Amino acid sequence: EGVHSGVRHTHAVSGLAESDRFSSFLSVGEDGCIRGLHYLDGGRVLTPFNTHISLTCLDMRDNVAATGSVSGSIDVWHVTGTGVDPKAKLHLKDSRTSIHSVALHEDQNWLAAADSDGNVKLWDLRAPAKPMLTQSFHASNVWEVQWSKLNDMSYLFSAGLDGNVFAHSFERQHCAGEFAPHRDLTSADRLVSFHMGINSIAISERYRLLCGAADNETLITRALV
């Protein structure tokens, strides 16, 4: 309780993520801190790290964490048994506006990020000099990006203030065991078009369903075929 509170102010928690493999939770907040808890070791609190910039989002895969900030920067961190390594593994900067969501691919060295300019950018963390893909299908803020795998396809979903949910598909290359774009990188499928903003999405890979939460408390479902 109050882990992102200062002496004079209470700061919002802006991101929460968990790693089954390392039995740990991480949280980030507007206070700029990355905090964590090892929940199978007596609830041991990890050493906090202050980035000194307001953080907006978080994702975690195994011992790798990614954070976005109000300044448009993205950092990729190595998580140890005591906390986040203070020296960022990677520092990505290609946006002038706030990053709303980050998503690490489950088994590729890819990171997707969404910003308030309506952009969705895909980074190959092995070649981080610039994004490998930039999509600008949304008219304004993109609130969330999320990966999902269905059969031999991997999908990147994005949801935004314009009420749209888009999906970009990648298919597994059997000779290399990696994913590549299913079609031209400049194309995407519009799965949902709603008259109010879509704030969050969830995907059921087992039942092949997408659910979106809208501004007017509506839940929207869409079958993924």
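**Exercise 1. Strand E12**

Task: State how many of the residues of E12 are buried, and sort them by the way they point.

Solution. 
Step 1. E12 is mostly covered, with five of its five residues buried. The model is a predicted one.
Step 2. Buried means under 20% relative accessible area.
Step 3. Val120, Leu122 and Asp124 point one way from E12. Lys121 and Trp123 point the other way.
Step 4. Both groups are buried.

**Exercise 2. The sheet around E12**

Task: Which order do the strands of this open sheet have, and which strands stand at its edges?

Solution. 
Step 1. Four strands make up the open sheet, in the order E10-E11-E12-E13. Their pairing is antiparallel.
Step 2. E10 (99-104) and E13 (133-135) each have a single partner strand, so one side of each lacks a neighbour in the sheet. These two are the edge strands.
Step 3. From one strand to the next, the twist averages 15°.

**Exercise 3. Partners of E12**

Task: How many bridges join E12 to E13, and how many pair E11 with E12? Then find the residues opposite Leu122.

Solution. 
Step 1. Take E13. E12 (residues 120-124) is joined to E13 by three bridges, and the two run antiparallel.
Step 2. Val120 has Gln135 of E13 as its bridge partner.
Step 3. Leu133 in E13 stands opposite Leu122.
Step 4. Now take E11 (residues 110-115). Five bridges pair E11 with E12, again in the antiparallel sense.
Step 5. Ala112 stands opposite Leu122 in E12.

**Exercise 4. Ala113**

Task: Is Ala113 buried or exposed, and how far is its C-alpha from that of Glu144?

Solution. 
Step 1. Ala113 belongs to strand E11.
Step 2. Its relative accessibility is 4%, so Ala113 counts as buried.
Step 3. Compare sequence with space. Ala113 and Glu144 are 31 residues apart in sequence. Their C-alpha atoms are 8.4 Å apart.

**Exercise 5. Salt bridges**

Task: How many salt bridges does the structure hold? Work through the pairs of Arg21, Arg61 and Asp107.

Solution. 
Step 1. Side chains of opposite charge can pair when their charged atoms come close.
Step 2. The structure holds four salt bridges.
Step 3. Arg21 pairs with Asp62, with the closest N and O atoms 3.6 Å apart. Arg21 sits in the loop between E1 (13-19) and E2 (24-29), and Asp62 in the loop between E6 (55-61) and E7 (64-69), so the pair ties together parts 41 residues apart in sequence.
Step 4. Check the cover on that pair. Arg21 is exposed, at 60% relative accessibility. Asp62 is partly exposed, at 36%.
Step 5. Arg61 and Asp59 form another salt bridge, with a closest N to O distance of 3.3 Å. Arg61 is partly exposed at 33% relative accessibility, whereas Asp59 is buried at 12%.
Step 6. Asp107 and Lys149 meet at 2.9 Å, N to O. This pair links distant parts of the chain, 42 residues apart. Asp107 is in the loop between E10 and E11, and Lys149 is in strand E14 (residues 142-150).
Step 7. Asp107 counts as partly exposed at 38%. Lys149 also counts as partly exposed, at 23%.

Key: Residues numbered from 1 in each chain as written. Predicted model: local features only at pLDDT ≥ 70, side-chain atom pairs only at ≥ 80, totals over all residues. Heavy atoms only, no water. Pairing = 2+ DSSP bridges. Axes fitted to C-alpha atoms, helices over the stretch in contact; angles between N-to-C directions. Buried < 20%, exposed > 50% of the residue type's maximum accessible area, 1.4 Å probe, protein only. Salt bridge = Lys/Arg side-chain N within 4 Å of Asp/Glu carboxyl O.
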